[in-house]
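Subject: Structure for you to look at

Hello,

I am handing over the structure we spoke about.

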Amino acid sequence: MNFLNVTALFSLSAIVVPILLHLRKRRTVRVQSWAAMRFVRQSLAAQRRGLTIEHLVLLIVRCLMLSVFVMAMARPHVDPSVGVSAIAAVFFLTLSICLAGMAVALVSKFRHRLLLTALAAGCALSAWSCTVLHRPELPVVLNQPRDVVIVIDGSDSMTYRADGQSGFERAVTEAKLLVSQLPGQSTAATLVAGPIVIPDDASLTQNLRTVSDRLETLMPTGGNSSLPPAIHRAEEILKHGLNLRKQILVFSDDQLLPWQEVEDELSKDAQRFSGTYARVLPLPRNCQNVAVTGISAEQPIEGFGRQANLQIEVFNGGTTPAEDVTLRLLVDEKEIHSVTLPGIECGSRTSIEYPCDLQGQGIHTVSAICDGDACLSADNRIDCILYVPATTRVLIVDGTPSLEVADRAATFARLAIDPGVEDEGASTTFASATLVDAALLKTIDSLDAYDVVILCDVPRLPEDVSNQIAAFVANGGGLMILAGRHIDRDFYNEWVSDIGPVMPGVLGERSVSFGEEFVPVRFDVASANHPPLKTLTERGSHDLAAFYTTAAWALEKRNEVELNVGLRFDNGWPGLTESKLGEGRILFLAVSPDPLENNLTTCTSFPVLMNLWTRYLSSVRPPELMHAPAYSLEAELPYTCIEPSTIRERRENGQPTGPDKVTPDAGFESDAELTQPDGSLRTVKVVHHKKHLACDAGTVATPGLYSLAVRVPKHSDELKLPFVVTANRTESDLAIADINRIREIARESGITLVDSFDDIQDVATGIPERVELWKYFILAALSLITAESGLLGWRTRRYSEVTP
Amino acid sequence: MPFQSSLDLLPNTSIARFARVRFPVHRPVTGTRSGDHRSPHTGSSTEFAQHREYSPGDEPKSIDWRAFGKTDRYYVKQYSDDTNLRAFILLDCSASMGYSDQESRDHHRSAFSKLDYARRLAAMIAWILVRQGDAVSLIVFDDQIRLNLPMLSTTAHLHQILRTLSEVQAQRSSNCTAVMHEVAGQISNRGLVIVISDFLDELTQFSGALHHLRHHNHEIIVFQTLASDELSFPFRHTARFRDLEELIEEQHIDPAAIRQEYLRQINSHLSELQMACNLAEADFARFTTDLPLDDALADYFALRMMG
């Protein structure tokens, strides 16, 4: 039994009212002083059982009365197969309870009580037999209005064409016929079950012509199918329908994998909606389908001009072996390699490795295409995006130019970041470092030419220079402070920009160990939780534990704001602390690479760490360019060609309005053309930021390569930014499920399998789904009200008849 | 408290109504001086009582010479003796006597409890007896004798009785049977014993107590004072009933449901009480607090006059 108005069931809590009244009445009665208490007690001993049961029966009848009334308000309904028996069962059960109550509480004569008890037992037996034995035939009532949701499998397998028509097209044709034959007042909605269920905002409409038009425009999404989420979504939609009869009509094929998914997901739900009908459109029994199911780089690509090993996986998901399959590899849509595979058995996979050079920084599209006869063409191609990061431009500020070169921290920092010697096999380094004395820093007009600034043991800076660096950070630049023995604590503590302090905390005392009391401080490697450090520690080979220092700066929290500590010393002091200022990041290292104080410069992890930290500060990290299908895909595409001045200029033009202050939300909007895998175009909104482009691509269900064409200010050409929507290539496995197996899965999952279009037509136009029971519950409530009144009346009469 | 002073116990209307009423006594009593009541002993009155054979020591003037002429034997003429009455009024002042009708309380009328009714009854009887020259003793009891005023027939004593009655409070539990046994053991001369109580406690030994008193040739009058609620049980709403004498724990009761059984129980108890009085040849009268005392007492005297 289900309910049309489930919220009314919350009113069942009203049952507590008679119970509370009953308890309150017991609790708040008046106290009567009485002399002849002896006789009261003797009378009570004789009457107590009857009294208790009388009150209990009254309470039960009142609670039952409320419950039945609330149930009627909730509009219960049942299958017609059990409808009549359920009605009779409810009636007999209510009658049985009333009779049993009367027998126990009201009737004092044994013969009458026996008679009533027997009648109550008979009614209870009748109720039981109604539910167990009585199975009337399905009544068939034509032309009853209903709510219908049509779910069409939009996966790749439904695009297989037989007799000039694909399964998807057949499903659409049949669905249109069904919609046209739906009885008046019916409502309908359509869903396509692809990798995600679309549309996201489907709802029932009474305008069946609109539904029919929408069916005309439906396209298969490709990729795999997701029938269980689609059926659940359909159930949600049907909950908003006003008609009593509700149906879900599913059109799919007999591919094994989706039905296995149905079995896994839906057969667990014992209380599933029972009006789901499935029409299975058969796939060909013999087909060849070779698919490219995977492509990936062996490891993250760092720096262009280096070879990357690509791994490509080919799978024969058809029912016949494949011979002479040609596999082509394209980089940036240019074919760089072609190979012919001799033969692939059914159900087997083959992997191919190919080393390729990715020339130039930025985004590279890599595609693998297999040519040959195949039932499905959508899975013959696979795309992926490989990103080659740009060179990080680092400005190293030397705070101690007066020292010998070998004693300066800046010397070691530069050597670590940019040794000036090209790696073997690489055309350039990951980062280019420029060393400048602190005193000459004011001669640099703009820091926009750099991604990261590193202050190496810089005692203090002129005010204009410090403001310039703060603005640089606020606009998205990175700042690293290597705190050596020469720095001026007061300057750093008072270094405040327009939008906040530059230092992550307050610089405290400097701890120094000398002579016999030499107690070196080490890094607590277990406390390393900063992303670059985690990258290093996860790789496993590092010598951070060998580091020690004789001096370090203490950093304390400012204004009770907790420090974001990425690494601590073993005495608990913060070693590495990070903070944000505007769009940029600041890293504070409590030691500097000073060979007189510590052995940081001799640690083999030092150059690696400096590279990781500069990469982190410059936000040069692999962008997320491979996305799963989503209803609202928000892609962030790397985009470094817009200067802050452009943003400022755009802002001044009113896009958007606001104070001329760089904030994390700074940027301006524009339109861009999105090219979809099938070649169709649509316009999307993009927001230009300094270092990335945010694109709201909306609902993206079809797997494949997408390309965003955006016009860049001050550039004549359009910029093409690609991204890939990934596919679940299990769909390429065209193993067919036996119809009996599908029937079994459907039965376990509460789905009725229909064999032909005529059958599903009968379903959509004929059989009523549910029978409402509220009238019978109202009758039961009225009976209980009568019983309660009768009981009270009888009780009053019984006691008032007694005269002294 | 309906009685502000002892004189409230004897309103003028009652005095006027019972001014000529005499308290009838059906059995001979042993008084301390001459009076209006028949004594079991022969005396000096003019009313002939019986003949008795002459025995040495008898005064020769008392010989009935006419009887000697007829029977040739000496007989002495004896005349009945008139003496005053010695009346004991036993008043139950247990807590159960403090009950007054629910309806009176609900309508804010002066709550006239069973004890109020009983002490007015006791006052009226004492006044009648003292007025006709009889001696009265007042015994106030609950589970034991709490107060025992001496046997006197003076007006001053009557005032003391009235004062005592006005000060009596309903408290403690009742044990009427034990008190009656105790009183029967204390008084030797035959007299009138008037017991005023609600008699709601156990009657198992009550009959024995009556017979104990009868054994000493006392005339017994049992006045039962009840509230009308106790006979009708008029309550409708569920309530917690609390024992006035605190012998039984509080009970949560739906009165309507137990009314039938209660009335059966109390009627059975009243029948049993009346039966015990009849067997012990004790005079029994039941007064309910809803009846005016003067009317009820007048009716009782009328019945008693008829024998």
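Predicted model: local features only at pLDDT ≥ 70, side-chain atom pairs only at ≥ 80, totals over all residues.

Chain A
Chain A contains 17 helices and 38 strands. Of its 804 residues, 41% are buried. If you take the contacts in chain A between residues at least 6 apart in sequence, 77% of them join residues at least 24 apart.

Where the chains touch
On the chain B side, 31 residues are in contact with 24 residues of chain A. The elements of chain B that give two or more residues to this side are α8 (228–232), β8 (239–243), β9 (251–253) and α9 (255–279). The most comes from α9(B), which gives eleven residues. Sorted by class, the side of chain B that touches chain A has 15 nonpolar residues, along with eight polar and eight charged ones.

There is also strand pairing across the two chains. Strand β2 of chain A (residues 30–34) is joined to β8(B) by five bridges, and the two strands run parallel.

One residue of chain B
B:Gly185 belongs to helix α6 of chain B, which covers residues 176–186. Is B:Gly185 buried or exposed? B:Gly185 has 10 other C-beta atoms within 10 Å, so it counts as exposed, the cut-off being 12 or fewer. B:His212 is 27 residues from B:Gly185 along the chain, and their C-alpha atoms are 8.4 Å apart.

Regards

Technical notes: Residues numbered from 1 in each chain as written. Chains lettered and ligands numbered in written order. Helix = DSSP H or I, 4+ residues; strand = E, 2+ residues; numbered from the N terminus. Buried ≥ 20, exposed ≤ 12 C-beta atoms within 10 Å, placed from the backbone. Contact = placed C-beta atoms within 7 Å. Nonpolar A, V, L, I, M, F, W, Y, C, P; charged D, E, K, R; others polar. Pairing = 2+ DSSP bridges.
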